[in-house]
Amino acid sequence: MTSTKSNNLPLWVQHRDKVLEQSTDIQWRYGKFPDYSRSNENLAKESTRNHPQGSLEAIVQNLVRTFDVEANFKTNPQQWISVVHDQFSMSTNGGPSYTVSDVVESGTYKLLIGNTQHYKAAEENFETSTNLFHTAFPEGFLWEVLEVFSAPPTIAFKWRHWGHFQGTYKDYAPTGETIEVIGMSIARVTDDLKILSLEHYYDNTKFLEKLTASGPQETAEQQHKQTNFWSFLQHFWHGKKKSTTAQGKTSTCPFSALKK
């Protein structure tokens, strides 16, 4: 793949730090500028690829990361620079197509996973869905491009999504395992590299199975009930034992009362 000087590239396919530096007067979700410093540190340590600056792989990676920033933090679609607002669509595994407004309302996790055994998109919203995975992966759920198979305007590429399961997922205890998702995407872009559509293809059940493999952990309420139950059994058993002993002492001789 040929490389291009980054200075000649549109802002939305440059490093996301540069995109954020030039994002002014933005309506940010949570009312604040997102901080990717920890993510950048972890990417530097854990990425399996080091794409040359200006290469097609780096351009695609930067474009999708810019889209991810906007999907998660920019609540006004008109302020997105990575997509063509009135034409954009996104789908997963040949499912329904979603617009920019859908992404703003529901978030990427909900739209990319859908309804599965261990995750019900219909029962989640942007906040609950985001909190689920931020809690499960407190060090971040990182993403990188592995390979690019075709050049614009139709870009086919392979990617890797991964994180360390160090926090709870719903009622499931963390295992510390590194959970990895491998997938493919097709991005159709304009001449100036804005996204017209994104199609994602991956197994949306495997990583959820790993998140739930340890089985649900007991809640504090369940532990309290169990403790009370065993306390009751112990009290009942000891009481019964004492009663039996006492009865045994008084009934040793049936004529004992007559001897007094």
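**Strands, loops and cores in a predicted model**

M184 sits in strand 4, the run covering residues 178–189. Since the model is a predicted one, everything below is about computed geometry. With a relative accessible area of 35%, M184 comes out as partly exposed, because that value falls between the 20% and 50% cut-offs. Together with F149 and Y201, M184 makes a nonpolar surface patch of about 270 Å².

Zooming out for a moment, the protein has eight helices and five strands. Along the sequence they come in the order α-α-α-β-α-α-α-β-β-β-β-α-α. Of the 260 residues, 42% are buried. As for contacts with a separation of 6 or more, 60% link residues 24 or more positions apart.

Back to the strands. Strand 4 pairs with strand 3 in the antiparallel sense, over eleven bridges. Within that pairing, W159 stands opposite G183 of strand 4. Strand 3 also has strand 2 (residues 142–148) as an antiparallel partner, this time over six bridges, and here W143 faces H161 of strand 3. Strand 3 itself, residues 154–164, is mostly covered, with eight of its eleven residues buried. In a regular strand, side chains alternate between the two faces of the sheet.

For reference, most residues other than glycine have a negative phi, and most peptide bonds are trans. Strands 2 and 3 are joined by a hairpin through five residues. P153 lies in the loop between these two strands, and the peptide bond joining P152 and P153 is cis, with omega at about 15 degrees.

Moving on, the loop between strand 3 and strand 4 contains K170. K170 is not a glycine, yet its phi is positive, near 55 degrees. K170 counts as partly exposed because its relative accessibility is 36%. A further positive phi, of about 70 degrees, turns up at L193, again not a glycine. L193 belongs to the loop between strand 4 and strand 5 (195–201). What about its cover, buried or exposed? L193 counts as buried, because its relative accessibility is 15% and the cut-off for buried is under 20%.

Then there is the inside. In soluble globular proteins, nonpolar side chains tend to be buried together. The largest nonpolar core here has 47 residues, and the members touching the most others are F67, F88, F133, F157, Y169, F207 and L211. Helix 3 (residues 56–73) supplies the largest share of this core, seven residues.

F133 is a handy place to look at the packing up close. Which residues does F133 contact once neighbours within four places in sequence are left aside? The list runs to Y109, I113, Y119, Y169, F207, L208 and L211. Among these contacts, Y169, F207 and L211 are also named with F133 as members of the largest core that touch the most others.

Technical notes
Residues are numbered from 1 along each chain as its sequence is written. This is a predicted model: local features need pLDDT of at least 70, side-chain atom pairs count only at pLDDT 80 or more; totals for chains, interfaces and linings use all residues. Side-chain values use heavy atoms; hydrogens and water are left out. Patches are made of residues with over 30% relative accessible area and no salt bridge: like charges are joined within 9 Å, nonpolar side chains (Val, Leu, Ile, Met, Phe, Trp, Tyr) within 5 Å. Accessible areas come from the Shrake-Rupley method with a 1.4 Å probe; for residues, only the protein chains shown count as cover. A salt bridge is a side-chain nitrogen of Lys or Arg within 4 Å of a carboxyl oxygen of Asp or Glu. Helices (H or I, at least four residues) and strands (E, at least two) are DSSP runs, numbered from the N terminus. Buried means under 20% relative accessible area, exposed over 50%, partly exposed in between (1.4 Å probe, protein chains only). Two strands pair if DSSP finds at least two bridges between them. Contact means heavy atoms within 4.5 Å. A nonpolar core is a set of buried Ala, Val, Leu, Ile, Met, Phe, Trp, Tyr and Cys residues joined through side-chain atoms within 4.5 Å.
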